[in-house]
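Here are my notes on the model, point by point. Please read them with the structure open.

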Amino acid sequence: TDIKDTATCLAVFGAVMKRQGGENATEAQGILAKAVDPAAFKGLKDEFARKDKISALAPQIDAMTSPFASAEFFTITIDQKASPRLEIAQPYDSAGPGFRDGSTYLAGGEIAPSEFGGVEVSGTGGREASTIEYRESDGNGTRTCNLVFNFQDDWNHWFIVPDEAQARAVEAARVSNNLKLRFDGILKSARVESNSSINYHAPFLETSVVRVHLVDGEGKVLASPKPTKPASGS
């Protein structure tokens with residue numbers, strides 16, 4: 001499943017929540033109903049009317065999630081607009097050999113929340129996790145979906161690319177602002193972070209990243225770095 005936008009993220013979130021069953025499925029219905037018909041819930045305060053509307057929208061919600069009912073794997077491609085540094089990788093460095101991470105998705109330590117092009121980036125990297133927030137706004141409000149990348153290995157802040165031909169291709173794409181970062185992985189679970197006092201109900205998809213690729217603007221894989229320590233320190 002290629003997660004490209006808020007709608008796809010929400011649909012996959014809903015499918016995973018339904019698979020988890022019970023209260024998860026019920027909670028997902030409420031979030032997805034607002035995504036399907038946000039105007040219907042604008043200013044709606046009657047709890048029974050809200051429940052009736054969610055029930056009425058069930059067929060549309062099912063149509064939204066059913067294509068992803070058995071989805072287990074995901075891919076996402078991130079461009080430089082989604083990075084607080086507005087870059088994917090820093091210039092080629094023979095100390096790696098390769099490229100220091102410029103995206104902040106692999107780097108350890110806290111990342112200050114930043115928004116570029118409608119995508120908010122926050123969280124941590126390295127052995128922990130990074131989060132990308134899809135956001136879509138219009139006159140009826142804002143819909144969000146959070147994708148959490150979990151890493152099993154420490155990437156040491158680096159994309160290690162020992163092959164010179166691959167490194168040259170990555171550097172050429174970087175210089176021409178044509179470099180992107182692609183994650184391939186497993187859809188682990190879904191959850192909702194809630195705060196009823198402020199009517200906050202945010203959907204989260206938890207994933208496990210299996211492969212990392214540096215790709216060009218057309219999606220061609222230029223290099224597939226591994227979580228390896230740089231040859232000359234970090």
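1. Glu206 is buried, at a relative accessible area of 16%. Buried here means under 20% relative accessible area, exposed over 50%, and partly exposed in between, with a 1.4 Å probe and protein chains only. Glu206 sits in strand β10, residues 200-215. Helices (H or I, at least four residues) and strands (E, at least two) are DSSP runs, numbered from the N terminus.

2. This is a predicted model: local features need pLDDT of at least 70, side-chain atom pairs count only at pLDDT 80 or more, and totals for chains, interfaces and linings use all residues. Residues are numbered from 1 along each chain as its sequence is written, and side-chain values use heavy atoms, with hydrogens and water left out.

3. What does the side chain of Glu206 pair with? The side chain of Arg191, in a polar contact of 2.9 Å. A polar contact is a pair of N or O atoms within 3.5 Å; within protein, one must be able to donate a hydrogen and the other to accept it, and residues adjacent in sequence count only if both atoms are side-chain atoms. Leaving aside residues up to four places away in sequence, Glu206 touches Val148, Asn150, Ile186, Leu187, Lys188, Ser189 and Arg191. Contact means heavy atoms within 4.5 Å.

4. Asp37 belongs to the loop between α2 (23-36) and α3 (38-41). Asp37 is partly exposed, with a relative accessible area of 23%. Residues up to four places away in sequence apart, Asp37 touches Lys53 and Leu57. The C-alpha atoms of Asp37 and Asn140 are separated by 9.1 Å, although the two residues are 103 apart along the chain.

5. Helix α6 covers residues 164-175. Its twelve residues should span 16 Å at 1.5 Å a residue, and the end C-alpha atoms are 16 Å apart, which agrees. The expected span is 1.5 Å times one less than the number of residues.

6. Which residues of α6 are buried? Ala167, Val170, Ala173 and Arg174. They cover an arc of only 125° around the axis, so they lie on the same side of α6. The arc is that of the directions from the helix axis to the C-beta atoms. Glu164, Ala165, Arg168 and Val175 are exposed on the other side of α6.

7. Now the ends of α6. At the start, a side-chain oxygen of Asp163 comes to within 3.1 Å of the backbone nitrogen of Ala165. Just after α6, Asn177 has a positive phi of about 55°.
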